[in-house]
Amino acid sequence: MKKLLSLLLAAAMLLTLTAAFAEDSDLAYVQGKGKLVVGITDFAPMDYKNEAGEWIGFDADMAKAFGASIGVEVELIEIDWDNKVLELNGKTIDCVWNGMTLTDEVKSAMSCSNAYANNAQVVILPADKAASYADVPALSGLTFAVEAGSAGEAEVKALGYATTAVSTQADTLMEVAAGTSDAAVIDALMAAAMVGEGTGYAGLTYTFSLNSEEYGVGFRTGSDLVDALNAFLAASYADGTMQAIAETYGVQAAIIPQA
Amino acid sequence: MAILEVEHIQKSFGGTRVLEDISFSLEKGKTLSLIGSSGSGKTTLLRCLNFLETPDQGIIRVNGEVLFDGSQPLKQSASELRKKRLHFGLVFQSFNLFPQYTALGNVMLAGSLLAKERPDYKEHRREIQAELEATGRDLLAQMGLKEKVDNYPHQLSGGQCQRVAIARALALHPDILCFDEPTSALDPELTGEVLRVIRELAERETTMMIVTHEMVFARDVADTVIFMDDGKICEQGKPLDVFDHPKEERTKQFLARYREQR
Amino acid sequence: MELIMKQMPIVFNALNVGFLHTLQLFFITLIGALPLGLLIALGTMSRFKLLSLFNRIVIWIVRGSPLMIQLLIIYYFPGLVLHNPIWGGGETGRFWAASVAFIINYACYFAEIYRGGIQSIPNGQTEAGLVLGMTHRQIFFHVKLLQMIKAIVPPISNEIITLVKDTSLSRIIALQEIIWAGQSFLKGSQGISGAVWPLFFTAIYYLVWNGIMTVALGRLEKRLSYFK
């Protein structure tokens, strides 16, 4: 029994030792395997599938362009958003590029690129009731459906209003449409794509912004891919590629100038 | 010459001596009855002869050939052991028929597996199988089970099952057929049919060893009787001598107990 | 209603693809776990005490911890701790990682069922075979195997039915099986968002498949009922 225990201890020590010697260059690692694996979720208009089943969107197209610039293939793979840090550190993906809000939590868990797009947390209300709420204080007393752990949840809680946490941003819209919550708070870019005339939620509308925030791309902590991406972003903004891709998906107004 | 000679067999389980200095012999075509109270070592003796247990000491000879010698406990190969086992047949108290085979299937199984090892099996497969089947049917008919050849064990009565088990043992033509309390698991009204079959076998001069509690039967059918007590052979001789004029005190007590129960 | 009619072709296409993944995982698990379980069962009954102990410990760990955690460990551990992400990030890698986790998990459950099945056969069957000059191998294949199969079919059937539903756990490592596919329309996918019915409709797929399995396994049980 003692032998077994010491063996286990030795194995554990070996593991921590190998953990200390991380790869020198993440860029070299990705170029070595010839493929950049990008973790995404189905999130229009950043990453979504076209009729042919291929991943497109502002983030998807930018990721492909970035891959081409460092000479590797790009594989977009759908992940469970809750496991994004696990996926990165487990090297099953190389970056998270999916309209990710740069919060303090995100920045402490991974190394992030420069912000490339503006976003805000916006309030969703039934279209017929939106006019009755003139400003944010008027919203007190309503119950807000929010995505658990999201930036939106943090904003509503900061205001001291009642929240109902659900598992996805889309679920919050369901809540409002079904009348089980009075209002919801989601990403502005998502709201633009999913709410209002011509969408699945024609009866909903989005009103106030509770804050403003920015999107960035996340890499493994200490990864030199961050510098490579920042350089790429600057170059593609300078030559107009980034703006052109943004226009394809109607998000040109949100783009942050890169230098 | 004796077909079976057993000399000085000893066997212990853990620290308990179960068989002590067992010696006897059996002539070809004769029947030996083994009697004695439960736990006297009768069943263990049969299991030793069938190599289900290994004696600690002693010698077992069949037809003069030494099958087991405790003083030379060489590791015997599985195939040697199989060959030696085939000198003996064993009919169990609880039949141990194979439930997924018919009566005929039970009788034929071991024979057809053995036949597959014959060098000429591939050439003569059909003839060999037909012969095995004919033998099997014949044996079952002898057991009075002509109508039951295609029945599965669960469709047969206990007495019928035991008769199938006897046919199964006979199919391999053992030199010595052993019975381990063949009627103990049967309802009283079913013992008769099994005893009748064994009696017929005795009349046809099958060499047999029978462990039984049926005293009347043991006396009638046997040429020799061995009374075992506490792992030892207490008395052996002709049935008339052992049953009617027992010399040993233990034998008298044992037989008296049986008479009281009647 | 009109909206649902419009969504149907897209949704069913996605659900079918998802269910195909579910079935692939289901069959791979059975193909791997049924024989592996027998090896583990024989290991636990081995005369070599160390092998037996080792197998028992494995069974204890695998049956005593949640399958979801096992999936996470098998998929993420190599990259996270050993810095060698052997599975890769692609769908194929995720599928194989899930397969390995399911095969190991179910093999341990099957092992205990096999052990029960083997031990349910009376020793008298072996002894009867031995005195008839059969080898241990012949006794296993010609006498005990079918009895063992008969004894284990009902409990194995239970596990198989559970397996169909358990495959949905693989979504924790983003294997896109049918529930993932159904839920994607709730989150928003292929222009459909907030659609609840595809998620609930996945249950129909499970019900139909489990219906087929129940009938097939019931037939097998019936075919073995000719002996007792």
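**Figure 1. Interface of chain A and chain C in the predicted model.** In this predicted model, chain A and chain C bury about 2300 Å² between them. Carbon and sulfur atoms account for 57% of that area. The contact draws on 27 residues of chain A and 28 residues of chain C. One salt bridge is found across this interface; the side chains that form the salt bridge are those of A:E87 and C:R94, with an N to O distance of 2.8 Å. Six residue pairs, both members at pLDDT 80 or more, are in polar contact between chain A and chain C. On the side of chain A that touches chain C, at least two residues come from each of α1 (2–20), β4 (73–78), α4 (84–89), α7 (169–178) and α8 (188–194) of chain A. By class, this side of chain A comprises 13 nonpolar, six polar and eight charged residues.

**Figure 2. Interface of chain C and chain B.** Here 19 residues of chain C meet 25 residues of chain B. The buried area between chain C and chain B is about 2100 Å², and carbon and sulfur atoms give 63% of it. Of the area that chain C buries against chain B, 31% is supplied by C:V131, C:L132 and C:H142, more than by any other three residues. The rule finds one salt bridge between chain C and chain B. The side chains of B:R47 and C:E127 make a salt bridge at 2.6 Å, N to O. Eight residue pairs, both at pLDDT 80 or more, are in polar contact between chain C and chain B. Helices α5 (123–131) and α6 (136–166) of chain C each provide at least two residues of the side of chain C that touches chain B. The largest contribution to this side of chain C is that of α5(C), with seven residues. The residues on this side of chain C are nine nonpolar, eight polar and two charged.

**Figure 3. Surroundings of B:L114.** Residue B:L114 belongs to helix α3 (residues 103–115) of chain B. B:L114 has a relative accessible area of 24% and is therefore partly exposed. Apart from neighbours within four places in sequence, B:L114 is in contact with B:R82, B:L86 and B:L172, and also with C:G133 of chain C. B:L114 and B:L172 are separated by 58 residues in sequence, while their C-alpha atoms are 9.6 Å apart in space.

Figure 4. Residue A:S111 is part of strand β6 (residues 111–112) of chain A. With a relative accessible area of 18%, A:S111 is buried, because the value is under 20%. A polar atom of the A:S111 side chain lies 2.8 Å from the backbone nitrogen of A:G222. Not counting residues up to four places away in sequence, A:S111 touches A:V217, A:G218, A:F219, A:R220, A:T221, A:G222, A:S223 and A:V226.

**Figure 5. Prediction confidence along chain A.** Chain A has a mean pLDDT of 87, and 91% of its residues reach 70 or more. The pLDDT is below 50 over residues 17–22 of chain A, a stretch with three contacts in the model beyond near neighbours in sequence. The element α1 (2–20) is also among those that supply at least two residues to the side of chain A that touches chain C.

Notes:
Residues are numbered from 1 along each chain as its sequence is written. Chains are lettered from A and ligands numbered from 1 in the order in which they are written. Side-chain values use heavy atoms; hydrogens and water are left out. Contact means heavy atoms within 4.5 Å. Buried area is the accessible area (1.4 Å probe) that two parts lose on being put together, summed over both. A salt bridge is a side-chain nitrogen of Lys or Arg within 4 Å of a carboxyl oxygen of Asp or Glu. A polar contact is a pair of N or O atoms within 3.5 Å; within protein, one must be able to donate a hydrogen and the other to accept it, and residues adjacent in sequence count only if both atoms are side-chain atoms. Helices (H or I, at least four residues) and strands (E, at least two) are DSSP runs, numbered from the N terminus. Ala, Val, Leu, Ile, Met, Phe, Trp, Tyr, Cys and Pro count as nonpolar, Asp, Glu, Lys and Arg as charged, and the others, Gly among them, as polar. pLDDT is the predictor's confidence in each residue, from 0 to 100. Buried means under 20% relative accessible area, exposed over 50%, partly exposed in between (1.4 Å probe, protein chains only).
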